[in-house]
Amino acid sequence: MKALISLVSIIVLFLFISSFGWVNVHPTQVAVEINKVAHKVSDTPKGVGYHFFNRWITDMVIYKVAARAFPGDTESNENSKKYNLELKTNDGQNISVDLTVIYALKAKEVSLLHQMIGQNFEDQILLPQIRSEARLAIGGYSAEEIYQGKVREEIQQRIKDKLTKSLEQYPAIQIHDALIRH
């Protein structure tokens, strides 16, 4: 009988301990808490530190909130051309543009972003908006103007301004700069 009680106690203790998880949130991150049972996202993201949670009931998703470049790994992207933009100028010339956008996330708004879009916001929201706004900004100039570099700063500023305006409906995303590399 004592062996059975010991075995049951060990099993209960194991289940109790195995149900708890923890996440370490670094200074440039926040964690969004998701209640899997209620299908609800916590309004306030978790800040820096260790946070313990019940893994059967709760998920924690980490978001980087520090300023960063999109696309992120520029060296591999230059080789793959995945994020290069094929655009037309106002004189009908096709040009290939390698554009990097510097952006950050507002920590207090990340929960809302997660509810609206989820973790894949870069490919679902940011990339299509970048392509659209770059197409509009570059389409206003001739290939010669762009090639000579006379309007490069103006194009970058137009893309940044248009991106900022078009992303107003997603208050968590802050555009810092748009940079044309090639």
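In which helix is E144 found?

Analyst: E144 is found in helix α5, which covers residues 143-148. Before we go on, this is a predicted model: local features need pLDDT of at least 70, side-chain atom pairs count only at pLDDT 80 or more, and totals for chains, interfaces and linings use all residues. Residues are numbered from 1 along each chain as its sequence is written, and side-chain values use heavy atoms, with hydrogens and water left out. Helices (H or I, at least four residues) and strands (E, at least two) are DSSP runs, numbered from the N terminus.

Back to your residue. E144 has a relative accessible area of 53%, so it counts as exposed (over 50% is exposed, under 20% is buried, and partly exposed sits in between, using a 1.4 Å probe and protein chains only). Patch members have over 30% relative accessible area and no salt bridge; like charges are joined within 9 Å, and nonpolar side chains (Val, Leu, Ile, Met, Phe, Trp, Tyr) within 5 Å.

There's a nonpolar patch on the surface too, formed by L7, I11, F14, L15, V37, W56 and I57, with about 720 Å² of accessible area together. Let's pick out two of its members. W56 is in the loop between β4 (49-54) and β5, and with a relative accessible area of 53%, W56 is exposed.

Strands of a sheet pair through backbone hydrogen bonds, either parallel or antiparallel. For β2 (residues 29-35) and β3, which run antiparallel, the join is made by two bridges (two strands pair if DSSP finds at least two bridges between them). N35 has K40 in β3 as its bridge partner.

Now for salt bridges, where a side-chain nitrogen of Lys or Arg is within 4 Å of a carboxyl oxygen of Asp or Glu. The whole structure has three of them.

One joins the side chains of K46 and E33, at 3.4 Å from N to O. K46 is in the loop between β3 and β4 while E33 is in strand β2, so this pair ties together parts 13 residues apart in sequence. Both are partly exposed: K46 at 27% relative accessibility and E33 at 22%.

Another is made by D59 and K36, at 3.7 Å from N to O. Here D59 in strand β5 is linked to K36 in the loop between β2 and β3, 23 residues apart. D59 is partly exposed at 35%, and so is K36 at 32%.

Then there's R68 with E122, where the closest N and O atoms are 3.9 Å apart. This pair links strand β6 (residues 68-70), where R68 sits, to helix α4 (residues 121-138), where E122 sits, 54 residues apart. E122 is partly exposed, with a relative accessible area of 24%.

How values were computed: Accessible areas come from the Shrake-Rupley method with a 1.4 Å probe; for residues, only the protein chains shown count as cover.
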